[in-house]
Amino acid sequence: MSGFIYAIECGDRIKIGFSKNPEKRFAKVASDAPFPCTLLGYWPGDVADELDVHAKFHAVRSHGEWFAATAGLLDFIGKHVVKRLAKPRYTISEDDGALARWRKGKGMSQGD
C-alpha cells in the first residue's frame, strides 16, 4: 500500500510513521501529545519504507515509532522530505481549549 512516510517533532522526540493522509495524521498526533508538535514533512513511501527508516535509526529509538531528535535523523528527514510546511499552519498546544484543538485539528482558522 503506498502513501507517505511522515516525521512529526514533539519535544525532543520525532515520530516516524506511515499514513495515506499525513496532515490528518499530524492533527491526531498533535491533539493527543503532551507537548506542541510540528509536522516536519513527508515523502512518498509504503509500510516497508517506514520499517526501513525505523531499522536505520534503531539505535536512537525511544519507544514504538518515536526516536530521539538527533542531528543524523533530522538530516535524513531533510534530505527525504518532498512536502514541508514552511511554517506549521496550526500548532496544537496543551494550552489550547477544546474548541481550539478541534478547530486546529480540522485545519480551520478562527475566522473559519
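**Exercise 1. Explain why Lys28 and Asp32 are separated by about one helical turn.**

Solution. Lys28 and Asp32 are four residues apart in helix H1, so about one helical turn separates them. Helices (H or I, at least four residues) and strands (E, at least two) are DSSP runs, numbered from the N terminus. Lys28 forms a salt bridge with Asp32, with the closest N and O atoms 2.8 Å apart. A salt bridge is a side-chain nitrogen of Lys or Arg within 4 Å of a carboxyl oxygen of Asp or Glu. Lys28 itself is partly exposed, at 43% relative accessibility. Buried means under 20% relative accessible area, exposed over 50%, partly exposed in between (1.4 Å probe, protein chains only).

The model is predicted: local features need pLDDT of at least 70, side-chain atom pairs count only at pLDDT 80 or more, and totals for chains, interfaces and linings use all residues. Residues are numbered from 1 along each chain as its sequence is written, and side-chain values use heavy atoms, with hydrogens and water left out.

**Exercise 2. State how many salt bridges the whole structure has, and describe the one between Glu65 and Lys15.**

Solution. A search of the whole structure gives four salt bridges. In one of them, the side chains of Glu65 and Lys15 meet at 2.4 Å, N to O. This pair links distant parts of the chain: Glu65 lies in the loop between S4 and S5, Lys15 lies in strand S2, and the two are 50 residues apart. Glu65 is partly exposed, with a relative accessible area of 24%, whereas Lys15 is buried at 7%.

Asp75 and Lys79 form another salt bridge, with the closest N and O atoms 3.1 Å apart. They are four residues apart in helix H3 (residues 71-80), so about one helical turn separates them. Asp75 is partly exposed at 41%, and Lys79 is exposed at 62%.

**Exercise 3. Find the nearest side chain of opposite charge to Glu50.**

Solution. Glu50 is found in helix H2. Glu50 is buried yet has no salt bridge; the nearest side chain of opposite charge is Lys15, 6.6 Å away. For charge, Lys and Arg count as positive and Asp and Glu as negative; His and the chain ends are not counted. Not counting residues up to four places away in sequence, Glu50 touches Ile5, Ile16, Gly17, Phe18 and Glu65. Contact means heavy atoms within 4.5 Å.

**Exercise 4. Give the strand order of the open sheet and name its edge strands.**

Solution. The sheet has five strands in the order S3-S1-S2-S5-S4, with antiparallel pairing. Its edge strands are S3 (37-46) and S4 (61-63), each pairing on one side only. Two strands pair if DSSP finds at least two bridges between them. Seven bridges join S1 (residues 2-10) to S2 (residues 13-19). In S2, the bridge partner of Ile5 is Phe18.

**Exercise 5. Determine how many disulfides the structure holds, and describe Cys10 and Cys37.**

Solution. The structure holds zero disulfides. A disulfide is a pair of cysteine sulfur atoms within 2.5 Å. Cys10 is in no disulfide, and the nearest cysteine sulfur, that of Cys37, is 3.1 Å away. Cys37 is likewise in no disulfide. Cys10 counts as buried at 7% relative accessibility, and Cys37 is buried at 0%.
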